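Please read it alongside the structure shown here.

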Amino acid sequence: MTTFLGMPAAPPPPASSGSHLRGTDSFPHAAARTLTDDQLRRNLAHATTTIRGKRARVVAEVPDWEELRLAGEALKADTMARLPELLEQLEAAVTARGGVVHWARDAEEANRIVVDLAGAALDRHPQAAREVVKVKSMATQETRLNDAFEAAGITAHETDLAELIVQLGHDEGSHILVPAIHRNRREIREIFLREMPDVDELFPEGLTDEPRVLAEAARLRLRRTFLRAKVAISGANFAVAETGTLSVVESEGNGRMCLTLPETLITVMGVEKLVPTWADLEVFLQLLPRSSTGERMNPYTSMWTGVTPGDGPQEFHLVLLDNGRSRVLADPRGRAALHCIRCSACLNVCPVYERTGGHAYGSVYPGPIGAVLSPQLTGVTDDASASLPFASSLCGACFDACPVRIDIPSILVHMRAQAVDAHARDVDHVAERAGMATVAWLFRDPRRLRLAQRLSRLAGLLARLQGHPRHLSWLPGPGRSWTRTRDLPVPRGSFRDWWEKEGRS
Amino acid sequence: MRIALFVTCLADTVAPEVGVATVRLLERLGHEVVFPPEQTCCGQMHVNSGYPAMALPLVRRYVETFERALGEGPDGGAEAVVVPSGSCTGSVRHQHADVAEQAGDTALAARARAVAARTFELSELLVDVLGVTDVGAWYPHRVTYHPTCHSLRMARVGDRPLQLLRAVGGIDLVELPGAEQCCGFGGTFAVKNADTSSAMLADKCSAICSTGAEVVSAGDASCLLHLGGGLSRLSTTRGDGTPRAVHLAEILASTRADRPERVTG
Ligand code: SF4
């Protein structure tokens, strides 16, 4: 009998540096910028409040919602526990149905594969424009695929309305589901007028900022693009290991156009998007729409399995993207972040996201899930990534909203410890650690705590100097960030002293 | 019943009235309150700031202190531990065993679980353990209640505080718009992300003011420190009508015999 000594313990690699997962600024700095943008804050508050109400209403309609969440959580945990085996099963099933599976270690590799495949497909149509259409996909935003296409002389057209607005606005998405959530309709009209040269012909009476009119303008433009496109790029919401079926759910139908009209379809999917069996979709197709758009059912649910001669794309490629995911999987305390089905419910209930918006997170995954997923994918070695786990008051609203019960607050706390350890020697963190150690030392002995409590009453002196006997309105050092907007009460004798004075002990 | 009080480090140091009110309230209901003086802090701040190893001795201290209070020895005999804080109760329940386990001390983890099972937030103790919702309080003020995130989502106290408040004599309880949204405190979050925290606080304060309440109450001294700090700053522009922050225990402790200003001071 042989003894299995385990696999070699080289840590799996982090996401590649070309990915859109890491900001350049730390969260507090980036947030300070967006917090001053009143328009952005109004747009966000309006949008998140509306969707929160809608979600709460449709969730309340489902009597077994909590059981569904438990089922979703269990299915995802099971999938992660045997991910390698299920991925191989998926590969075999896709191949058997005429698809081709590619494995990409990181963003660069995925982009290279996709651009090469698309280029080869376009070469077969020398007269056609060098362009592809895209269904909204987080994975290709993560890899910055559009930039790779541009470098290769290929134009990528986003077809999701919100994604199109972001693309035309030369902007970055700020929400998983509604990338243009930070824009209002007046701003969208301005973008269209600027970026759609033929909009005046289409709307001789002039383009208004009515949602219906704006949608019509986008639709006319997109329809022409769909009819000529030879190649489409999609993401995937789910992949069924058992059957090799891929699925995209969406609300506009533009995704279905991309999935059915072009000759070649290339799907890029994070390796975690897997479900074991067809029957498992039942759970997720109930959880997802109610959590994300507050709808009972998804308007468009497209599914395809390999290729079908004479119907739909005749060439199908599936690119399985790792880009740091196996690294997340290797951490038992953090891996539940891979359970995410990208519904965005956690963003919509997050008070921090509501006020700072998506750009402050510096990653394609903003909000609570971004604050745990992005730093896990990239590692917490730089300041921007290390600041993300702290971008939360730990209020826990995200956990309650999450349809697959990802305990985001606990993962945030776990990632904070990682960030603290990774930066233990940095100058700015030394003072914090010393402060924490001092407080811990005081708390280790009630006599020391008591002494500190007595000393803290000296604050009363400072308060009197500031003109109020009972509170401080100005503190030096790091305390300034508190007193900029808040007073601090002056300690007036501890509970311990009272207890003793009463002769109770 | 004999009840051991964990007063929490923050209430002990800057809001002693919370502990005093808890003692008065429970004694008025005919219970005996003991305060084990070896207690200090539940360690939540260290865990949440990314220093779980520093929290380990604090967890051990909590477990040892209240094991003794709940035990049979001369310092024992308590049947439950009461905490006038949803946040610290949540930490005891959800973090203590985990901190011990991360440090490889499974024996301590098991003991922490046993103590946590007998640790109750104040409203839980009253409603579930002592079986009272009408504690005989008198508080003739317009009050709005902020449920605090950790009471709601970590300790899961549900609407017990509201059940208790509704039974208070003379009270005019008004609903707080957006009650379940965080006030932006979050421990070190208030300092590390001061701008975001202040934006959240500003919205919370205007929701509180919109109710016309004289008092905003909550079950956590920490959130009240934040709300009180924001309202106190606001009062410099708004003047005397600005609501004050008062802990749930103080409202429940006050009676007709008290002069309101003394109790709520
Ligand atoms: S973490 Fe949960 S709530 Fe947030 S996007 Fe993912 S599935 Fe939705």
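Predicted model: local features only at pLDDT ≥ 70, side-chain atom pairs only at ≥ 80, totals over all residues.

The UniProt record, an unreviewed entry, lists "domain: LUD" for residues 87-320 of chain A.

**Interface of chain B and chain A**

- The size of an interface is often given as the accessible area lost when the parts come together.
- About 5400 Å² is buried between chain B and chain A, with 57% of it on carbon and sulfur atoms.
- In terms of residues, 65 from chain B are in contact with 62 from chain A.
- Nine salt bridges are counted between chain B and chain A; among them, Asp195(B) pairs with Arg484(A) through their side chains at 3.4 Å, N to O.
- Polar contacts across this interface involve 33 residue pairs, both residues being at pLDDT 80 or more.
- On the side of chain B that touches chain A, helix H12 (residues 194-210) of chain B supplies the largest share, nine residues.
- That side of chain B comprises 30 nonpolar, 22 polar and 13 charged residues.

**Helix packing within chain A**

- Two packed helices are described by the angle between their axes and the distance between the axes.
- For helix H2 (residues 38-60) of chain A and helix H13 (residues 281-292) of chain A, the angle is about 145° and the axes are 7 Å apart.
- H2(A) contributes Ile51(A), Arg55(A), Val58(A) and Val59(A) to the contact, while H13(A) contributes Arg290(A), Ser291(A) and Ser292(A).
- By class, three nonpolar, two polar and two charged residues make up the contact of H2(A) with H13(A).

Technical notes
Residues numbered from 1 in each chain as written. Chains lettered and ligands numbered in written order. Heavy atoms only, no water. UniProt positions renumbered as here; feature names shortened; annotations may be inferred. Contact = heavy atoms within 4.5 Å. Buried area = accessible area lost by both parts, 1.4 Å probe. Salt bridge = Lys/Arg side-chain N within 4 Å of Asp/Glu carboxyl O. Polar contact = N/O pair within 3.5 Å; in protein donor to acceptor, adjacent residues only side chain to side chain. Helix = DSSP H or I, 4+ residues; strand = E, 2+ residues; numbered from the N terminus. Nonpolar A, V, L, I, M, F, W, Y, C, P; charged D, E, K, R; others polar. Axes fitted to C-alpha atoms, helices over the stretch in contact; angles between N-to-C directions.
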